[in-house]
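Here is a short report on one protein model.

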Amino acid sequence: MTHNTPLSPRPLAHLADARRRVLTTAQLRAHGVSTADLNEQCRPGGAWRLLLPNVVLLHPGPPTSDERLHGALLYAARESAPGVPAQPGADEPHRTPYPEAMITGLAALTLYGFAAAPPLPSLDRVDVLVPRLRRLRTTGYVRVLRTPDLPAPRTVTGLPVAPVPRALADAVAELTDARAVRRLLTEAVRGGHCEPVAVVRELTDAKLLNRPHVVDAVDSLVAEGRALAENRLYRMVREHGLPDPVWNVDLRLAGGPHLGGVDAYWPDHAVAVELDTRAPRQDEDALWSEYARKREHLERLGITVVHLTPRSLRESPEQQATVVRTALMASADRDPAAHVVVLPR
């Protein structure tokens, strides 16, 4: 008897739940199944079948999509002790059964409900994200992806799933169809799954922005994100009773240089709103420096610049309206701003 052998075998009759009809060989041993019994059950024509290395499907038929996902996670999960994958116990109800493993790529996007992602039964492969130093091979229908910084997973249908931006990057890395890439990125923004800046950051980290079809899709993504942010800004002004500004204008000193464009401007109060919809690219530092210089120049001229992000407008429009309203009210206590010419942009 080894230290992993239970004092009394635990029956398998309670494993009717589809998600528990996939177990590792170590878990089966913990339930009292001997190696001889396991080999007998998994022989051709037997009651069970080997789904992946050391992962057993407890029925002879093809696995369901749910069983394939759980099998992939069981295969990839870090073991808590030699030969024994970590499993939640009665005293550890919040412990994940799949430590250091999560679904990513197209399977993850399907779980998130992306209409542009294929249905689970049609996926030949399930991508699983694990830490870079894990010793694990791609096998069967499971493709193992490694990362030096494992993100915190989201729980979707009870499964650990990579955040949408990371799942998108892993999916896009394998796609050559420009239309498919564009549809996925567009749905991510339109569906409110994430902001463009987070997607582009992941694509940049994955070194995918040297692919023309990805760059084209990203340009459309950024434009889509800006249009959505502008609509949220219009709605914020209207729904929270702010005075009407002039929209999307260029500012210029009378007879002098161009000062830059802003998304909204209240001339009587010398208050401007600028949406930060910059996407992190290789020239991010230069873009930020240009943005900062413009803002500092406007503020030296007595113009208050309110900086808003698409995320802040989506998650807390009332709070952002209060910030703008406060700036408008404070204008009466400031020195008069320099006269600027307002031109349509």
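## Packing around Leu203

Leaving aside neighbours within four places in sequence, which residues is Leu203 in contact with? They are Ala169, Val172, Leu185, Leu208, Leu209, Val214 and Val218. Contact means heavy atoms within 4.5 Å.

This is a predicted model: local features need pLDDT of at least 70, side-chain atom pairs count only at pLDDT 80 or more, and totals for chains, interfaces and linings use all residues. Residues are numbered from 1 along each chain as its sequence is written, and side-chain values use heavy atoms, with hydrogens and water left out.

## Nonpolar cores

The largest nonpolar core has 55 residues. Leu203 is among those with the most contacts inside it, as are Ile103, Phe114, Val128, Leu168 and Leu185. Another core, of 17 residues, lies apart from it and includes Met236, Val237, Val273 and Leu328. A nonpolar core is a set of buried Ala, Val, Leu, Ile, Met, Phe, Trp, Tyr and Cys residues joined through side-chain atoms within 4.5 Å. Buried means under 20% relative accessible area, exposed over 50%, partly exposed in between (1.4 Å probe, protein chains only).

## Helix 7 against helix 8

Pro196, Val199, Val200 and Leu203 in helix 7 meet Val214, Val218, Leu221 and Gly225 in helix 8. Helices here are DSSP runs (H or I, at least four residues), and strands likewise (E, at least two), numbered from the N terminus.

## Positive phi

Glu100 is not a glycine, yet has a positive phi of about 60°. Glu100 sits in the loop between strand 5 (84-85) and strand 6 (102-104). Thr157, also not a glycine, has a positive phi of about 50°. Its loop runs between strand 9 (154-156) and strand 10 (159-161).
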